[in-house]
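Here are a few friendly notes to read with the model open beside you.

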Protein chains: 2
Amino acid sequence: MNSIQDLIEFVKIDTTSAKGKGEEGAKFIKDYMQSHGIEARVVQHRSRNPYVLGEINVGAQKTLLIYNHYDVQPVEPLERWQSDPFNPVEKDGKLIGRGVGDDKGSLMARLQAIIEMGKPPVNIKFVYEGEEEIGSPNIDSFLEAHKEELKSDYILWEGAGRGASGAPEIVLGVKGLLYVELILRTEKDLHSMYAPISKNPAWDLVRILSSLKRGDKVSLPGFYDKVKWLTESELKYLKSDRASMEKALGQKLPEDFERRLIEEPTCNIAGLYSGYTGEGSKTVIPSYAMAKLDFRLVPNQDPDEVLNQLKEFLPGVEIKVWGKVRPYRTSITSKISISLIESAKKVYGTEPEVIPNSPGTGPMESFARILNNNQIADGVGVEHPGSNIHSFNENIYVKDYMMAKEWMKQFLRELG
Amino acid sequence: MNSIQDLIEFVKIDTTSAKGKGEEGAKFIKDYMQSHGIEARVVQHRSRNPYVLGEINVGAQKTLLIYNHYDVQPVEPLERWQSDPFNPVEKDGKLIGRGVGDDKGSLMARLQAIIEMGKPPVNIKFVYEGEEEIGSPNIDSFLEAHKEELKSDYILWEGAGRGASGAPEIVLGVKGLLYVELILRTEKDLHSMYAPISKNPAWDLVRILSSLKRGDKVSLPGFYDKVKWLTESELKYLKSDRASMEKALGQKLPEDFERRLIEEPTCNIAGLYSGYTGEGSKTVIPSYAMAKLDFRLVPNQDPDEVLNQLKEFLPGVEIKVWGKVRPYRTSITSKISISLIESAKKVYGTEPEVIPNSPGTGPMESFARILNNNQIADGVGVEHPGSNIHSFNENIYVKDYMMAKEWMKQFLRELG
């Protein structure tokens, strides 16, 4: 086994689920597991990108289920990458390529750690998904169909990494998501001389969007009704490091940025399009205007309820739904949380950050509900705050990758 | 000469000035004039697309200058055309192709009428431009350089056609234009989980745009200060035909649509772009957002003043200027206006519509100012209200084309 080279081969495979790609990545990882003596198979279940299931049964009392995803986000804008996103290069101690941080790196680091251990102290089950980046549309029915097979005592989530403070990060939940596309149309494009008397869908879209946000707050009626704000005890485990976070994001941050990041639900414009967007000028009243919005939801918001609020608030607007995920939060006193915290301390020699829920999204709630398991937590990942996940020049430090492997081994020992 | 076939050959040449195309069209029309015994030449003057100048000197006392443009608007969205925009087809009495209405059809109808007359009753000069659709950025310096050569008593503008009422249209002015692109940026695209704490240029763009318009009115401070609203006598020559205009635009129209169309300045969103606009979802905070705006200006607004108002209102926003044209209006009692009205009555057997200024734009004010000529009017065109100029499936009726030729001949007789 060559740790980094094997990861590079995995990243070379384009698994952009938004473009219908991934199957080849599933086959790669299944073959990789089998070639190292791990039982593994590819399972096609409704989705275009199959699931990969695996198992190591050492006859222990307890079983850990490991969840990762092998699909990645689209790489556009391609011209902003300093190297080919699907041909990873190592530079200044970093590995640069699409998916090295989210989530191929964590998937491989954990798998290689287990292979190196030989016989882990707990039974291990693996489930790898290929549709996480498009909102896991089939995960519920997949879990329903395989719930006996996936029975476990603990679930280790997709992988966090190092937090803004530089300390290892443990995350006990995820935000939910509602991803929609708003579309407005008229019959045809018109010469812009008709602007004094014609509908312009682009103007209507601007009005609609500006009605959805007031300052930093979402102004969709009812949006905050079910939000469970953080308690004092949940807030006290946060470590904020403004300087490194500002550097990573390339922006100045507000005073209470860490609380906001975890606690606040959002409405984000991810895309806008209308009319002529090429070089120079075209004097046209567009017949079509579109916005892609992602709402990040916190416990106990529900994507279906928010969608209904949106439909009610915007009658007559065409709404396409591209993704729905419920939020989730687990307890800080659970066995899995404690094992993660203790192993992190030993390997890194520092207190980890413990975050009540990630600002990002994953189908954690589906696992909790369908597999009837309330010990789900995240840790043992390879990212750092400047990893640029979902953006161009996605990267990880090779050193972080090696540390994650050590953390995985220690975590399994604590658990066992 | 084969009227329609010759026009078709002209339309086949892609002269999209926004894409830097046109030279071949200039050569075509120069050759066409020469082959019919008209003195003509191509003049390169700063612009990428050259001007075409021509002259017929019959030794008359008075001289008419004819202005047209041979360039066209971009054809996108191409998939909405029912036939190739650059390979015109005749169907149900109509000719469909880019530029048949705006402005290649009027250019050719007039030219062919003059050729058919043999010896016109006034001297004629021709000036054909290749940059009208991108805001005529070089017309002023061109006119300055050729002002002796272009000296004339009357100027016939690019061609109107039939108005909303079906009657022939005469237009005594044009709106001005300011075309800008607003651009907002941050350092890099970010994963949308950072939305609670990050700047989003798309949201900032929405806020800025919504601050520029309130209901039907532009809310840029100072925008209406110099507007010269229409007088009762100017309003009384308007003929409104709601039904045909609504059919042409594919929309319901407000009560006072014709007054508004002529009198109201506008701020139109011609294009919007930010983030991910492909199929499916990408959860990203874009690092770039852009809007293309065209302001149509009326007498006595000034594009430079409006640009300054915009810069003052939007400090810190990057503003690219793609076009500036001043508005213009001529007198309804001038010789050229009367000749157009009388010839229209004789050829069409009906009262024409007389419009104080077009809702569209052209560099009329440059001609008035630089050539020191205040008899500039528009008529003798081939369009109808459903011509879809600047849009897909641009078309004219072949019958309208033939009538325009007759109108041209009668107009020259009235003028002479």
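1. A term first: a polar contact here is a pair of N or O atoms within 3.5 Å, and within protein one must be able to donate a hydrogen and the other to accept it. Please also keep in mind that this is a predicted model.

2. With that in hand, have a look at A:Glu116. Its side chain makes a polar contact of 2.7 Å with the side chain of A:Lys409. The side chain of A:Lys405 is a polar partner of A:Glu116 too, at 2.7 Å. Setting aside neighbours within four places in sequence, the residues in contact with A:Glu116 are A:Met1, A:Ser3, A:Lys405 and A:Lys409.

3. Where does A:Glu116 sit? The residue belongs to helix α3 of chain A, which covers residues 104-117. Is A:Glu116 buried, partly exposed or exposed? A:Glu116 counts as partly exposed because its relative accessibility is 39%, and that class lies between the cut-offs of 20% and 50%.

4. Now to the interface. Chain B puts 82 residues in contact with 82 residues of chain A. The two chains bury about 7200 Å² between them, and 57% of that is on carbon and sulfur atoms. How many salt bridges are there between chain B and chain A? The count is zero. Polar contacts, on the other hand, join 40 residue pairs across this interface, with both residues at pLDDT 80 or more.

5. Which elements of chain B supply the side that touches chain A? Those giving two or more residues include the strands β11 (176-185) and β17 (288-297) and the helices α5 (201-210), α7 (242-249) and α8 (257-263). The largest share, 10 residues, comes from β15 of chain B. By class, this side of chain B has 40 nonpolar, 25 polar and 17 charged residues.

6. Beyond its neighbours within four places in sequence, B:Phe295 is in contact with several residues, among them B:Leu177, B:Val180, B:Phe223, B:Cys267 and B:Leu310.

Terms used:
Residues numbered from 1 in each chain as written. Chains lettered and ligands numbered in written order. Predicted model: local features only at pLDDT ≥ 70, side-chain atom pairs only at ≥ 80, totals over all residues. Heavy atoms only, no water. Contact = heavy atoms within 4.5 Å. Buried area = accessible area lost by both parts, 1.4 Å probe. Salt bridge = Lys/Arg side-chain N within 4 Å of Asp/Glu carboxyl O. Helix = DSSP H or I, 4+ residues; strand = E, 2+ residues; numbered from the N terminus. Nonpolar A, V, L, I, M, F, W, Y, C, P; charged D, E, K, R; others polar. Buried < 20%, exposed > 50% of the residue type's maximum accessible area, 1.4 Å probe, protein only.
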